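Please open the structure in the viewer and keep the selection panel at hand. The tour begins at the contact between the chains and then turns to each chain separately.

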Amino acid sequence: MCETTVAAMAGKPVLYYWDARGRMECIRWLLAAAGVEFEEKFIETPADMEKLIKDGRLMFQQVPMVEIDGMTLVQTRAILNYIATKYNLYGKDAKERALIDMYTEGILDLSEMMLQVVISLPEQREAKISLVKEKTKNRYLPAYEKVLKSHGQDYLVGNRLTKVDIHLLELLLYVEELDSSLLAPFPLLKALKSRISSLPNVKKFLQPGSQRKPPPDMKRIEEARKAFKF
Amino acid sequence: MAGKPVLYYFDGRGRMESVRWLLAAAGVEFEEKLLKTRDDLEKLKNDGSLMFQQLPLVEIDGMKLVQTRAILNYIATKYNLYGKDMKERAIIDMYTEGLMDLDEMVLYQPYLPKEEKEGNLAKIKDKSRNRYFPAYEKVLKSHGQDYLVGNKLSRADVYLVKLLYHVEELDSSALANFPLLKALRTRVSNLPTVKKFLQPGSQRKPFEDEKCVEAAMKIFH
């Protein structure tokens, strides 16, 4: 049985990851949107990682890991699904959940491509960036614009805020960082972006000083690559 | 729209096999539309059935669902194979996601170019024997129960058993050091619905041979 820290037992979830976006950022977003305060323990050296592994707290020797409600959870989707269920951001029934899952998975596929750009070797980067832009423009953004157009509602599923609206906002911000012209042909997505950004918890998270992580710093990535061997 | 789920895929395991296993284990009859030509795929793309122009696609309860996890989550919920509460669901999700990471390497193996096959196979052997199988053996050892979570069959057991068979096809002694995994596999395989699915003539797909891979490539490339 994996141990849980004192901080976690006190109530706040504790997030274990590098001080970077990576695969933990979507979890930070969801907790923030749900108005849940959380603590972070940053992995700084290979020794930090080795300790977590040696202590048996990482089921597959990988992070993200979140201590929450007495559980030591790994695997991004397991963590996201639990948070969404607990804070009522997962739809009202199985059918809404199915749509939320379908929409979320598309977002995660594109996010994965973006993550691959960040961690890929410098010589592969340009080709990967082209691929991301192409998929964003031709596959993913049109699909979500179409959903919003089909029902004319303010949120993607069930006329109320769910996890997928938060995931989509995060993605749209990254698309904008990559190339702001990509969003131009999608008025409903732009409107959703404004609307969700204005929700009090989200607005707070978007402000400087929050636990939101900045864009990746290529120098730091290369240093991390050497230290952690990826 | 009551009626059988309809699965759209090519005639191979790929990403649809876990869906077939779960439906079968739940005792749910399903139909399959097996795509044979690129036109079959274009037709689905053009009629708006594929949200991201990708398969798998499952028509179920009036929905056209794509994305394997969305499909599996819905089936697991509907047929009570997803734990009794949100904490059990979290554990099931954690276990299932680990299996999916391993499966990602396994399901691609037949489709890799010749020069990449050996490397991938080595990775599968290493990860299954050193990371994944020990993790699940440890779970079973920790509680001594018949199933991974909540002392009851869940989607995690079904997925694990599927992978145990598939990894063993690639690495015949993979399970040698994992007695509890072997026992789980036997136990789950003897459940009436699973036993039926394991028999010849079921909708279970065989390991993809060159002919199957060629046919699939024609549709997608």
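Contact here means heavy atoms within 4.5 Å. By that criterion, 32 residues of chain B and 32 residues of chain A take part in the contact. This is a predicted model, in which local features need pLDDT of at least 70 and side-chain atom pairs count only at pLDDT 80 or more, while totals for chains, interfaces and linings use all residues. Residues are numbered from 1 along each chain as its sequence is written, chains are lettered from A and ligands numbered from 1 in the order in which they are written, and side-chain values use heavy atoms, with hydrogens and water left out.

**Stop 1: the interface**

Select both sides of the contact. About 2,900 Å² is buried between chain B and chain A, and carbon and sulfur atoms give 63% of that area; buried area is the accessible area (1.4 Å probe) that two parts lose on being put together, summed over both.

Now display B:R69 and A:E105. These residues form a salt bridge whose closest N and O atoms are 3.6 Å apart, and the count between chain B and chain A is 2 salt bridges. The term denotes a side-chain nitrogen of Lys or Arg within 4 Å of a carboxyl oxygen of Asp or Glu.

Which elements of chain B each supply at least two residues of the side that touches chain A? They are β4 (63–66), α3 (68–78), α4 (86–108) and α5 (114–143); helices (H or I, at least four residues) and strands (E, at least two) are DSSP runs, numbered from the N terminus. The largest share of that side, 11 residues, comes from α4(B). Coloured by class, the side of chain B that touches chain A shows 17 nonpolar, 6 polar and 9 charged residues. Ala, Val, Leu, Ile, Met, Phe, Trp, Tyr, Cys and Pro count as nonpolar, Asp, Glu, Lys and Arg as charged, and the others, Gly among them, as polar.

**Stop 2: chain A**

Chain A has 10 helices and 4 strands, arranged along the sequence as α-β-α-β-α-β-β-α-α-α-α-α-α-α. The C-alpha trace of chain A spans about 50 × 45 × 30 Å along its principal axes.

Then select residues 11–91 of chain A, which the UniProt record annotates as "domain: GST N-terminal" (unreviewed entry); such annotations may be inferred rather than shown by experiment. This span is 36% helix and 20% strand. Continue with residues 93–216 of chain A, listed by UniProt as "domain: GST C-terminal" (unreviewed entry). Here the chain is 70% helix and 0% strand, and the end C-alpha atoms lie 37 Å apart.

Zoom in on the loop between α3 (46–54) and β3 (65–68) of chain A, where A:P64 is found. The peptide bond from A:V63 to A:P64 is cis, with omega near 15°. A:Q61 also lies in the loop between α3 and β3 of chain A, and this residue has a positive phi of about 60° although it is not a glycine. Most residues other than glycine have a negative phi, and most peptide bonds are trans.

**Stop 3: chain B**

Switch to chain B, which comprises 9 helices and 4 strands. Finally, centre on B:P56, in the loop between α2 (38–46) and β3 (57–60) of chain B. A cis peptide bond joins B:L55 and B:P56, with omega about 5°.
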